[in-house]
Amino acid sequence: MKTDARRLPTAPLALAAALLAAFLVLVAPLSASAHDSLTASSPEAGSTVETLPAELTLTFSAKLIDGEGATEVVVTDASGASVTDGPATVNGAVVTQPLVAEAAAGAYTVLWRVVSSDGHPISEEFGFTVTTSTLSAPTATPETAAPETAEPTEPEQTAAPAPTSESTDGSTAPEESSASTAWIWILAIAGVLVVVVAVVIAFALRGRGSSGSERSTDPSAADSDAPSER
């Protein structure tokens, strides 16, 4: 009876160990393969590239479920502006996202969201760095040439002679007035001279008349004296 009591507990322990081992063997691979995962990307996470590529590719461990709104990829630059060019496309386990042709240098962030083959959505975020800008800066220079500013100056230049003509008109007015006043003075002086000459002539004629009358009276006096002396 003692030997039977010692052997009974070993059977349940062995059975429990066998069940646990079977559970780990079967369940662990199932849990590991429950969701798909990102296996590769171009550009790679944390890498440095010279210029921004024409497209971003994401490769997953299994074929993804595609549909409206199922796949979304957002790529932003250091300022937070999006550099994606159109929607992403899914081809089996590969997602392709077109990018813009011109982009600045700096750090870029990738945020993706897909639907795994088991129907569960998964998402992740990573970044990469661009060293050379592909922005075309000279395109902004023709806009700042400002040809419009030269046009307003032309009316101002043409309008400038207008005040000079007014000033000349104003200057001729005093000359005409001074000329008219000069003629008035000339006429006044001429009138005074005419009056003076007339007065002189009148006095001269009066003097001649008085001398003639005196001469006419003298012979009569002589005639009257002559007989008296006789």
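Predicted model: local features only at pLDDT ≥ 70, side-chain atom pairs only at ≥ 80, totals over all residues.

Walk across it from S2. S2 and strand S8, residues 121-130, run parallel and are joined by two bridges. There, valine 49 stands opposite valine 130 in S8.

Next, S8 to S7. These two run antiparallel, with 10 bridges. Tryptophan 112 stands opposite glutamate 124 in S8. S7 and S8 form a hairpin with five residues between them. Glycine 119, in the turn, has a positive phi of about 95 degrees.

S4 and S7, residues 106-115, pair antiparallel over five bridges. Glutamate 72 faces arginine 113 in S7.

Back to the rings. The count is two aromatic pairs. Phenylalanine 60 and tryptophan 112 make an edge-to-face pair, 4.9 Å centre to centre, with 80 degrees between the planes. Phenylalanine 60 is in strand S3, residues 55-60, and tryptophan 112 is in S7, so 52 residues separate them. Phenylalanine 60 has 4% relative accessibility, so it counts as buried. Tryptophan 112, at 2%, is buried too.

Then the other pair. Tyrosine 108 and phenylalanine 128 have ring centres 5.7 Å apart and planes at 10 degrees, so they are stacked. Tyrosine 108 lies in S7 and phenylalanine 128 in S8, so this pair ties together parts 20 residues apart in sequence.

Key: Residues numbered from 1 in each chain as written. Heavy atoms only, no water. Pairing = 2+ DSSP bridges. Helix = DSSP H or I, 4+ residues; strand = E, 2+ residues; numbered from the N terminus. Phe/Tyr/Trp six-rings, centres within 6.5 Å; stacked < 30°, edge-to-face > 60°. Buried < 20%, exposed > 50% of the residue type's maximum accessible area, 1.4 Å probe, protein only.
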